[in-house]
Amino acid sequence: MSIRHHPTEVVLAGYASGALADGPSLTVACHLDRCPACRGRVRLFEQVGGALLADTDQAAMGEDALARALASIERPAPAPAQRASSPAPQPISGVVLPSALARRGVGARRWVGPGIWVAPVRSNAADGWRTYLLRVPKGVAMPHHGHNGPEFTAVLQGAFHDEGSVYGPGDFSESGEGLEHHPAVEGDEACVCLLSGLGGVKATGLLRLVQPFIGV
Ligand SMILES: [Zn+2]
């Protein structure tokens with residue numbers, strides 16, 4: 001299945017400039033892992049950002065500008081492993097994690113129903129975003145629920161349908177505050193997604209009963 005749902009230009013530009021929060025950035029990285037078109041767009045944004053920065057530097061160049069520029073080049077950027085005190089990633093049988101996600105710690109799975117689990121993903125920032133893997137087996141629809149804030153989703157495996165669209169491996173979805181929906185797994189395979197949400201889920205019906213246990 002080819003990729004049909006991509007992050008918006010605003011989200012990709014935010015990713016390229018580092019303005020996007022950590023959890024959403026990770027969902028974009030999972031999409032980029034499979035999407036050469038968006039990788040190209042991100043490269044373009046990075047080049048444009050670099051060019052704008054170069055213009056600014058030139059305009060404001062003082063006596064010590066060259067020395068400061070050289071100092072920043074000589075100072076090596078910290079490796080991702082040094083910034084995140086993450087444990088060794090736990091392999092989850094049957095799920096191939098994109099490298100950006102595999103480098104993070106994925107916590108223990110919590111089973112919340114037959115074939116349904118959530119596993120928290122370690123964040124590099126305590127900024128309120130909840131980032132986690134969700135697995136839902138074939139033939140299962142999520143309970144109807146609403147969103148208290150934005151949520152980003154990257155499909156890692158399988159597919160789901162939502163609001164008239166089908167999302168397969170590599171597809172990206174962004175929902176806003178106020179959306180109420182009940183996505184359902186599509187096809188013959190379990191669906192595994194990486195989700196990052198702010199503000200949590202507004203549970204209705206059945207989900208309200210299990211929400212305290214799954215922490216979404
Ligand atoms: Zn894309």
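Glu-163 sits in the loop between S6 and S7, where helices (H or I, at least four residues) and strands (E, at least two) are DSSP runs numbered from the N terminus. The phi of Glu-163 is near 50°, a positive value in a residue other than glycine. Glu-163 counts as exposed because it has 10 C-beta neighbours inside 10 Å. The burial classes rest on C-beta atoms placed from the backbone: a residue is buried if 20 or more other C-beta atoms lie within 10 Å of its own, exposed if 12 or fewer, and partly exposed in between. The model is a predicted one, in which local features need pLDDT of at least 70 and side-chain atom pairs count only at pLDDT 80 or more, while totals for chains, interfaces and linings use all residues. Residues are numbered from 1 along each chain as its sequence is written.

Asp-162 has Ser-165 in S7 as its bridge partner. Both strands belong to an open sheet of three strands with the order S7-S6-S10 and antiparallel pairing. Strand S7 (165-167) and strand S10 (184-186) are at the edges with a single partner strand each, so one side of each is left without a neighbour in the sheet. On average, neighbouring strands of this sheet are turned by 35° against each other, direction ignored. For such angles, axes are lines fitted to C-alpha atoms, for helices over the stretch in contact, and values run from 0 to 180 degrees between N-to-C directions.

The protein chain as a whole contains seven helices and twelve strands. Of its 216 residues, 27% count as buried. Among contacts between residues at least 6 apart in sequence, 70% join residues at least 24 apart, a contact being two C-beta atoms, placed from the backbone, within 7 Å.

Just after H1, Gly-18 takes a positive phi of about 80°. Helix H2 (residues 22-32) is mostly covered, with nine of its eleven residues buried.

A nonpolar core is a set of buried Ala, Val, Leu, Ile, Met, Phe, Trp, Tyr and Cys residues joined through C-beta atoms within 7 Å. The largest one has 24 residues, and those with the most contacts inside it are Leu-133, Cys-193 and Leu-194. At least two residues of this core come from each of H2, strand S2 (116-120), strand S3 (129-136), strand S5 (151-157) and strand S11 (191-198). S11 gives the largest share, five residues. Leaving aside neighbours within four places in sequence, Leu-133 is in contact with Val-106, Val-118, Ala-119, Val-121, Val-192 and Leu-194. Apart from this core lies another, of nine residues, among them Val-11, Leu-12, Val-28 and Cys-38.

Ala-108 lies in the loop between helix H6 (99-102) and strand S1 (110-113). Ala-108 is exposed, with 8 other C-beta atoms within 10 Å. From C-alpha to C-alpha, Ala-108 and Val-118 are 8.4 Å apart in space and ten residues apart in sequence.

Technical notes. Pairing = 2+ DSSP bridges.
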